[in-house]
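Hi everyone, thanks for making time. Have the picture up while I talk.

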Amino acid sequence: MSVTMQLIINGKPRSFDAQNFTVAQLVAHLNLEGKRLAIERNGEIVPRSQFADTDLAEGDKLEIVGAVGGG
Amino acid sequence: MLDLLKIAGKSYQSRLLVGTGKYADFAQTRAAIDASGAEIITVAIRRTNIGQNAGEPSLLDFLPPEEFTYLPNTAGCYSADDAVRTLRLARELLDGHKLVKLEVLGDPNTLYPNMIETLSAAKTLVKDGFDVMVYCSDDPIIAKQLEEIGCCAVMPLASLIGSGMGILNPWNLQIIIANAQIPVLVDAGVGTASDAAIAMELGCQGVLMNTAIAAARDPVLMASAMNKAVKAGREAYLAGRMPKKLYSASPSSPSEGLMTK
């Protein structure tokens, strides 16, 4: 059995060759460490202080947002 | 003369608030904002690019949140729920920052605001502890209701977003200003420096703009013009203009001492 997990990140499905990882590990994997961002998991905000303690599960829907130019 | 703009308990020297969208690049954004003298700058909240461009510079690299007061907006939101969700994410993104710009649109072509959804979102956000600066139509009754809900500033449109049509209904703005106990800022529709000056002469506490600067042929120069126009308009408002008369039998030069008499 392959060890993979699928997440929906910013509306797009993405597969990962691992299971049981946290939001903090995902952020590192996506090269977003140190960037100013906010994350919503299944419609609930995950505070930055809880990234390391928040486990992700198969099918989780994540929104990763940042600030961009706007009026 | 110390004449500060006070919003939600904080004072600002500049009465010009500017957006950060539609510029050629971040360097131009920064140069224009420096020329504008703005201390409060709006930003939008959007999905982060995932993938290859990890080292790519971001807006925040050019406009550090330590130097400016960020005003996250809800541009692109068409429902109260979307607007509230966006600003909760913004608060998390900006470390608990409470000052926000609420706008809920009603039509993708005109970008006219949906005031029913805006009122609903404002109630939720105020209850949730946000300091809400709210973009609104120039309806004096709606503006008053937004104040009663607990918004910290109302920001009626001068004309439609991005239109550059200037102030189409100065009379409504005057009624809103006369009735308001909170700052009234014109947001949207300013096209050039005289529009900003007129808004300030009417008694607005400030002006928020983006396209008027970003879409000028020389955005940095227009930012400088807007900086001066807002200051000039404010001073003219404080100075109190002379009354308008159809004509006056009182010339500026003395009538006495004319050698032709």
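Let me start with a term: two strands pair if DSSP finds at least two bridges between them. Helices and strands themselves are DSSP runs, numbered from the N terminus, with at least four residues of H or I for a helix and at least two of E for a strand.

Before the details, some bookkeeping. This is a predicted model, where local features need pLDDT of at least 70 and side-chain atom pairs count only at pLDDT 80 or more, while totals for chains, interfaces and linings use all residues. Residues are numbered from 1 along each chain as its sequence is written, chains are lettered from A and ligands numbered from 1 in the order in which they are written, and side-chain values use heavy atoms, with hydrogens and water left out.

Okay, strands. Look at β7 of chain B, residues 131-136. Five of its six residues are buried, where buried is under 20% relative accessible area, exposed is over 50% and partly exposed is in between, using a 1.4 Å probe and protein chains only. β7(B) runs parallel to β6(B), residues 99-102, with four bridges joining them. To find the spot, B:L99 has B:D131 as its bridge partner in β7(B). Then β7(B) also runs parallel to β8(B), residues 153-156, again through four bridges. There, B:M133 stands opposite B:A153.

And how does the chain get from β7(B) to β8(B)? The path goes through helix α5 of chain B, residues 140-149, in a right-handed β-α-β crossover. Right-handed here has a viewing rule: with the strands pointing away from the viewer, the path from the first strand over the helix to the second runs clockwise. β6(B), helix α4 (residues 115-127) of chain B and β7(B) make a right-handed β-α-β unit too.

Next, salt bridges. The rule is a side-chain nitrogen of Lys or Arg within 4 Å of a carboxyl oxygen of Asp or Glu.

One to click on is B:R47 with A:E63, whose closest N and O atoms are 2.8 Å apart. B:R47 is in strand β4 of chain B and A:E63 is in strand β5 of chain A, so this pair joins two chains. B:R47 counts as partly exposed because its relative accessibility is 46%, while A:E63 counts as buried at 16%.

Staying in chain B, the side chains of B:K101 and B:D187 meet in a salt bridge at 2.9 Å, N to O. This pair links distant parts of the chain, 86 residues apart: B:K101 sits in β6 and B:D187 in β9, residues 185-187. Buried or exposed, for B:K101? Buried, because its relative accessibility is 3%. B:D187 is buried as well, with a relative accessible area of 4%.

There's also a network of salt bridges linking A:R36, A:R48 and B:D95.

Now the spaces. On a 1 Å grid over the protein atoms alone, a cavity is a set of points where a 1.4 Å probe fits but cannot get out; a pocket is an open set with protein on both sides within 12 Å along at least five of seven lines; and lining residues have an atom within 4 Å of a point. Points are joined across faces, edges and corners, and a volume is the space filled by probe spheres set on them.

The largest pocket has a volume of about 520 Å³. It is lined by 26 residues, and A:K35, A:A67, B:T48, B:P57 and B:S58 lie nearest its centre. Elements giving two or more residues are β5 (61-69) of chain A, plus β4 (40-47) and α2 (59-62) of chain B. β5(A) gives the most, with four residues.

The second largest pocket comes in at about 430 Å³. Among its 25 lining residues, B:K22, B:I161, B:G162, B:N210 and B:T211 lie nearest the centre.

How many cavities of 30 Å³ or more does a search of the whole structure find? One. Its lining residues include B:P140, B:K144 and B:I176.
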